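Welcome, and thanks for opening the viewer. Please load the coordinates, switch to a cartoon view, and follow along one selection at a time.

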Amino acid sequence: MNDNEYMKIALGLAEEAYKLNEVPVGAIIVKKSTGEIVGRGYNRREIDKDPLAHAEIAAISQASKKLGGWRLIDCEMFVTLEPCPMCCGAIINARIERVVFGAYDKKSGSAESVMRMFELPFNHIPEVVSGVEEKACSGILKNFFAELRLKRKNNK
């Protein structure tokens, strides 16, 4: 599979979040050598009432359990939205080798938009690929927030 195909799988997870009225972000972790998806996640902050319930954190947790360790060597992440500072920190700590994201996050994106956290001198620096399936990834977010604004306006 290629980056676009993996990102489409992450987009499917974002759609699951959308159906739950969560900000539609999806993430998968792929074992590079085999192409196997070892972790999946989507936003669940509202449902779980947990600020840590980001798609990336869920995918990292699932992959760590599946692979039997916290170091996700030979793994890459595909996520529909540029990771925030917390998720960038988790990616660094998990030693994920490559991060591929779709939509840019001008408010809290910490891979390229607000800051370039992966360029700081931490003990691990993943490769970053940005803008994969950007139109679809940003589109689902735009639709979600447009619907949310409309719902709020109608409830006033």
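What volume does the largest pocket have? The answer is about 410 Å³, in a model that is predicted.

**Stop 1: the largest pocket**

Select Val23, Leu81, Asp105, Ser108 and Phe145 and show their side chains. Among the 17 residues that line the largest pocket, these lie nearest its centre.

**Stop 2**

Next comes the second largest pocket, with about 210 Å³ of space. Select Tyr18, Asn21, Val23, Arg45, Glu46, Phe144, Glu147, Leu148, Lys151, Arg152 and Asn155 to show its lining. Two elements each give two or more residues to this lining, α2 (45-48) and α5 (134-154). Which of the elements gives the most? It is α5, with five residues. By class, the lining of the second largest pocket has four nonpolar, two polar and five charged residues.

**Stop 3: along α5**

Now pick out Cys137, Ser138, Ile140, Leu141 and Phe144, the buried residues of α5. Why do they sit on the same side of α5? They cover an arc of only 155° around the axis, so they share that side. Behind this lies a general rule: an α-helix has 3.6 residues a turn, so residues three or four places apart point the same way. Turn the view to the other side of α5, where Lys135, Lys142, Arg149, Lys153 and Asn154 are exposed.

**Stop 4: along α1**

Move to helix α1, residues 3-19. Its end C-alpha atoms are 25 Å apart, which agrees with the 24 Å that its 17 residues should span at 1.5 Å a residue. Select the buried residues of α1: Asp3, Tyr6, Met7, Ala10, Leu11, Leu13, Ala14, Ala17 and Tyr18. They lie on the same side of α1 because their arc around the axis is only 160°. On the other side of α1, look for Lys8 and Lys19, which are exposed.

**Stop 5: two backbone details**

Zoom in on Arg95, in the loop between α4 (85-94) and β4 (98-103). Its phi is positive, about 65°, although Arg95 is not a glycine. Is Arg95 buried or exposed? At 18% relative accessibility, Arg95 counts as buried, because the cut-off for buried is under 20%.

Then go to Glu133, in the loop between β5 (127-130) and α5. Here too phi is positive in a residue other than glycine, with a value near 55°.

**Stop 6: the cysteines**

Finish by selecting the cysteines. How many disulfides does the structure hold? There are zero. Cys75 is in no disulfide, and the nearest cysteine sulfur, that of Cys87, is 16 Å away. Cys75 is also buried, with a relative accessible area of 0%. For Cys88, the nearest cysteine sulfur is that of Cys84, 6.8 Å away, and Cys88 is in no disulfide. Like your previous selection, Cys88 is buried, with a relative accessible area of 0%.

Notes:
Residues are numbered from 1 along each chain as its sequence is written. This is a predicted model: local features need pLDDT of at least 70, side-chain atom pairs count only at pLDDT 80 or more; totals for chains, interfaces and linings use all residues. Side-chain values use heavy atoms; hydrogens and water are left out. On a 1 Å grid over the protein atoms alone, a cavity is a set of points where a 1.4 Å probe fits but cannot get out, and a pocket is an open set with protein on both sides within 12 Å along at least five of seven lines; lining residues have an atom within 4 Å of a point. Grid points are joined across faces, edges and corners, and a volume is the space filled by probe spheres set on the points. Helices (H or I, at least four residues) and strands (E, at least two) are DSSP runs, numbered from the N terminus. Ala, Val, Leu, Ile, Met, Phe, Trp, Tyr, Cys and Pro count as nonpolar, Asp, Glu, Lys and Arg as charged, and the others, Gly among them, as polar. Buried means under 20% relative accessible area, exposed over 50%, partly exposed in between (1.4 Å probe, protein chains only). A disulfide is a pair of cysteine sulfur atoms within 2.5 Å. The arc is that of the directions from the helix axis to the C-beta atoms. The expected span of a helix is 1.5 Å times one less than its number of residues.
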